[in-house]
Amino acid sequence: MNVLVLNCGSSSIKFQIIATDLEQIAQNADQRLARGIIERIGGEAVCSLQAEGKAKQRSTAQLRDIRAAVDFIIRWACTQESGVDAIQSISDIHAVGHRVVHGGERFQQSMLISDEVLHGIDDCIDLAPLHNPANIRGILATRELLGAGMPQVAVFDTAFHQTLPEQAYLYALPYQFYRRYKVRRYGFHGTSHRYVAYRYRNLLNIPREQVNIITLHLGNGCSATAIKAGDSVDTSMGMTPLEGLVMGTRSGDIDASIIDFLMSKEGLTAQEIEGLLNKQSGLLGISGLTNDMRELLDEARENNDRRALLAIELFCYRARKYIGAYLAAMGGADAVIFTGGIGENSAEIRARICRGLEWSGLQLVEAANASMTNGNEGLISAADSRLKAYVIPTDEELLIARDTVRCVNKVQR
Ligand code: ADP
């Protein structure tokens, strides 16, 4: 089954085409056929498209909206020049899997998209006003372009965290706000945390119930999740992705009173403050330079830039603090897993986060840590470490393709 995986944002689409079916899933033999990204949709869009094993094709195109961009991707895949040999015409696309950001309390697993499911995603717009509308547009565009008979599946970023107990998901606000508006912690990056937990279980060859780990997804957005007996029991992002760790441009945890304070001091609206917390804070805000961790590390190394170093320190301190909190919340864990662009590639950040965690039994091995970059997977702590550490590259698109196959075949994971 050739699955088109779409991650539609407000002005960009990331996609992959993955060939997989139930047998290939069981044998871990899924095949990636193509991948790409289209950015700056709405005007002269920038397209980067690549058939597996072939050269990247870069171009620009006038793409008015998400529909035009999805159309562009499908047309490209069907051309001879794309190099995606398995796709000759649209009949070679058998299903479409969508990353959907917010599934609220309604969606606890991936769903085959019906009108009812679509309404459910629409109902969650209140909770994710920036993200869900783009996801819906992607689903409707696909339906228009590939026909209502094309199976489409929604894979929710929040679904994996629906196992959080009340004490972890409720805010200590007047309870009626939870009742009335469902104000609570939902958590995000669920597909990534679930995927690395699955890989960990595979690596160790243990059943799901024996998975007791803390996963750290450190990319542009960052989140930590406590996974006990295979289930997410706490996670650092909240009702929106703003809460928790220090991120590229997001502040993570702050005292809510700061919002009112800054509104009056700076004469800003609540909306402007929200923009500031989401887009101008985090690594960018502290360093005053960039949200890109690689650039910050270079700056700290080459110029000993004080604020670059400070941003790195804040980032690592907050991550370490969450590991400690989750060890307490879970009554101990077997391993910490690093994933995401920073978690997968930066030995220095991993070492800085782990420094000071020796009390917990975590003994990092420098050479093993240094060797884990560029998609390598494996143990970075001593084999007899009481708390182990691993690097496991995430693969959200693969999980979306697999869930799509399972939903189409009506098989539970
Ligand atoms: P997204 O969350 O948008 O998917 P990624 O997971 O790709 O983003 O992570 C992007 C982050 O990873 C950036 O801050 C980038 O600088 C960082 N990164 C990538 N490679 C390295 C590296 N070798 N060392 C340090 N940081 C890196």
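This is a predicted model: local features need pLDDT of at least 70, side-chain atom pairs count only at pLDDT 80 or more; totals for chains, interfaces and linings use all residues.

User: By class, how many nonpolar, polar and charged residues does the shell around the ligand have?

Analyst: Residues are numbered from 1 along each chain as its sequence is written, and side-chain values use heavy atoms, with hydrogens and water left out. Ala, Val, Leu, Ile, Met, Phe, Trp, Tyr, Cys and Pro count as nonpolar, Asp, Glu, Lys and Arg as charged, and the others, Gly among them, as polar. By that scheme the shell has three nonpolar, eight polar and two charged residues.

User: Which helix gives the largest share of the shell around the ligand?

Analyst: Helices here are DSSP runs (H or I, at least four residues), numbered from the N terminus. Helix 11 (293-303) and helix 13 (340-345) each supply at least two shell residues. The largest share, four residues, comes from helix 13.

User: Which residue has a polar side-chain atom 2.4 Å from an oxygen atom of the ligand?

Analyst: A polar contact is a pair of N or O atoms within 3.5 Å. Polar backbone atoms of Met-293 and Arg-294 each lie 3.1 Å from a ligand oxygen atom. The side-chain atom at 2.4 Å belongs to Asp-292.

User: How far apart are the centres of domain 1 and domain 2?

Analyst: An automatic or database domain assignment sets the bounds, giving domain 1 (2-156) and domain 2 (206-391). Taken over C-alpha atoms, their centres are separated by 29 Å.

Technical notes:
A polar contact is a pair of N or O atoms within 3.5 Å; within protein, one must be able to donate a hydrogen and the other to accept it, and residues adjacent in sequence count only if both atoms are side-chain atoms.
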